Amino acid sequence: MQSFAYARPETLAEAIALLDAHGPEARLLAGGTDLVIRLRDGTLRPAIVIDLKRVAELDPAIRETGGRLVLGATTVMTDIAADPRVRRHFIALAEAAAVVGSVQIRNRATLAGNICNASPAADTAPSLLVYGADVVAAGPSGSRRIPISELFVRSGVTTLERGEVVTAIELPLPARRIGAVHVRRTRRRGHDLASVTMTVAVDEEGLTRLAYGSVGPRPVLVVDESGVLADPAAPDAAKAAIFERMFADASPSPRSMRAGPEYRLAMLRVLGARALRIAIERLAGGE
Amino acid sequence: MTQLIPISVTVNGRPRSIEVASHHTLLEVLRDDLELTGTKECCLVGECGACTVSLNGRIVDSCLVLAVEADGGEITTVEGLALADGSLSALQQAFLDMGAVQCGFCIPGQLMAAQDLLTRIPHPTVTEIQEDLAGNLCRCGCYEQITEAVVAASERGPATPGRAAPAAAEPGR
């Protein structure tokens, strides 16, 4: 591994000042489960690594405030998957956090890191899109709230600006009853990234929100307002037609070692139907 | 431009103060600086689990943790599993009894992951064992025996010293 300077700021202002001063020469370190791999293989060669884990404002807490669940930037997957409030209101996020990597990875990997890396295969991204999460970012000119649907550009690229640090991810507590689930395909559980990762939520008004990743440059959110998808009695053919429109933006890479585009596109439809069925069952079961 | 940073850690109950390079991982410092070579280096991308250690009560892939991140932390490596008198823990003895150790390279990581599981879930099901140990690969393919060993250890109880334990309990199936 090439050497670098290491900084361990204790306040958010200090972290932002460091990041602003070093710009593209700096990399932020939270869990390190992606960063350390890329430091070692040389695809990233920062002059300075800024460790965020001792920044007072970025503690790994989960708080409920003002109708929102606020997940601190250094909260790790293990704690998100186990948190009773996440499980009660945002089960598909808990399910997604529980399938990221292995126990060892989930003990380090943070939710903020997962989305800031902007991997198209990020397992938590579809759930955050479906639940309408906001990303709170602090920078030299203050703090702002970015809807998660406006964060992802392409692999490794987000709309975060120079000097901005994600401080929290906020999830609005659902106003309606919803049934939701996260599903994925992978070659081997415990290690591999998803070949397809997806979250579906149906609500009591008949709205269906579906988000999918690992089949294009960024995760995609689509919404069905017709009520057909959420209707347990609607014919499969009618649902399939809606799925076709929803999956029209999928464009899996032909160069991936993980799965061919034909397989991913086929699995999108299989997982879509499966997830929808589970979401409807959960809504009916009051889960 | 290597930056040396002083850190203090507790490793297997023993306080250590050392200087580490900013770009050295916890794995490198454990093996090369502290000469605790039980922890193995293998895939270096967080997939195989051979470098698993416990940091502040949670298992991590030490190849993905910078040593400096562990500053102030409490670390347990495979060398810390045996009892104070040097006898094997119930878990270690169960691994031997069940034939879970073939080439042995993955075993330190398997033991650390299994110990962590038994601490959280004293009597795990086979499914829970398989799920929890999914981050530890064994190229000898001893997954069945490893699972049986964890079941056996859970039946013996965590406090039972390995060598004083009765003959292998029948694993629950």
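This is a predicted model: local features need pLDDT of at least 70, side-chain atom pairs count only at pLDDT 80 or more; totals for chains, interfaces and linings use all residues.

Q: Why does the radius of gyration of chain A agree with a compact globule?
A: Start from the length: with 287 residues, a compact globule would have a radius of gyration near 19 Å, and chain A has 19 Å, so the value agrees. As for extent, the C-alpha atoms of chain A fill a box of roughly 60 × 45 × 35 Å along the principal axes. Ten helices and 14 strands make up its elements.

Q: And what makes the radius of gyration of chain B agree with the globule rule?
A: Chain B has 173 residues, for which a compact globule would come out near 16 Å; the value for chain B is 16 Å, so it agrees. Its C-alpha box is roughly 55 × 30 × 25 Å, taken along the principal axes. Chain B has five helices and five strands, and from the N terminus on they run β-β-α-β-β-β-α-α-α-α.

Q: How do you know which residues belong to which domain of chain A?
A: That comes from the domain assignment, which gives domain 1 (5-48), domain 2 (61-172) and domain 3 (178-285). The C-alpha centres of domain 1 of chain A and domain 2 of chain A lie 19 Å apart.

Q: What makes domain 1 of chain A and domain 2 of chain A count as touching?
A: The cut-off is C-beta atoms within 7 Å, and by that rule twelve residues of domain 1 of chain A are in contact with 18 residues of domain 2 of chain A. On the domain 1 side, the largest share, five residues, comes from helix H1 (residues 12-22) of chain A. By class, that side of domain 1 of chain A has six nonpolar, four polar and two charged residues.

Q: How do you know which parts of chain A touch chain B?
A: By residue contacts again: 23 residues of chain A are in contact with 27 residues of chain B. Strand S1 (5-7), helix H2 (35-40) and helix H6 (103-106) of chain A each supply at least two residues of the side that touches chain B. That side of chain A divides into eight nonpolar, ten polar and five charged residues.

Q: What are the domains of chain B, and how far apart are their C-alpha centres?
A: Chain B is divided into domain 1 (4-77) and domain 2 (90-156), with C-alpha centres 22 Å apart. Their contact takes eleven residues from domain 1 of chain B and ten residues from domain 2 of chain B. Strand S3 (residues 52-55) of chain B gives the largest share of the domain 1 side, three residues. That side of domain 1 of chain B has five nonpolar, five polar and one charged residues.

Q: Why are H2(B) and H3(B) called oblique?
A: Helix H2 (residues 90-97) of chain B and helix H3 (residues 107-120) of chain B pack at an angle of about 125°, with axes 10 Å apart. Roughly perpendicular stops at 115 degrees and roughly antiparallel needs over 145, so H2(B) and H3(B) are oblique to each other. Their crossing is right-handed. B:Leu91, B:Gln92 and B:Phe95 of H2(B) make the contact with residues of H3(B) including B:Ile107, B:Leu111 and B:Leu118.

Q: What makes H3(B) and H5(B) oblique?
A: H3(B) and helix H5 (residues 143-156) of chain B pack at about 40°, with axes 11 Å apart. Roughly parallel needs an angle under 35 degrees, and roughly perpendicular begins at 65, so H3(B) and H5(B) are oblique. The crossing of H3(B) and H5(B) is right-handed. B:Gln110, B:Ala114, B:Leu117 and B:Leu118 in H3(B) meet B:Ile146, B:Val150, B:Ala153 and B:Ser154 in H5(B). Here the classes are six nonpolar, two polar and no charged.

Q: Why are H2(B) and H5(B) oblique to each other?
A: The angle between H2(B) and H5(B) is about 135°, with axes 8 Å apart. Roughly antiparallel would need over 145 degrees, so H2(B) and H5(B) are oblique. H2(B) passes H5(B) in a right-handed crossing. Among the residues in this contact are B:Ala90, B:Asp97 and B:Arg156. By class, the contact of H2(B) with H5(B) has seven nonpolar, no polar and two charged residues.

Definitions and conventions:
Residues are numbered from 1 along each chain as its sequence is written. Chains are lettered from A and ligands numbered from 1 in the order in which they are written. Domain bounds come from an automatic or database domain assignment. Two residues are in contact if their C-beta atoms, placed from the backbone, lie within 7 Å. Helices (H or I, at least four residues) and strands (E, at least two) are DSSP runs, numbered from the N terminus. Ala, Val, Leu, Ile, Met, Phe, Trp, Tyr, Cys and Pro count as nonpolar, Asp, Glu, Lys and Arg as charged, and the others, Gly among them, as polar. Axes are lines fitted to C-alpha atoms, for helices over the stretch in contact, and angles run from 0 to 180 degrees between N-to-C directions. A crossing is left-handed if the near helix is turned anticlockwise from the far one by less than a right angle, and right-handed if clockwise. The radius of gyration is taken over C-alpha atoms; the globule rule is 2.2 Å times the number of residues to the power 0.38.
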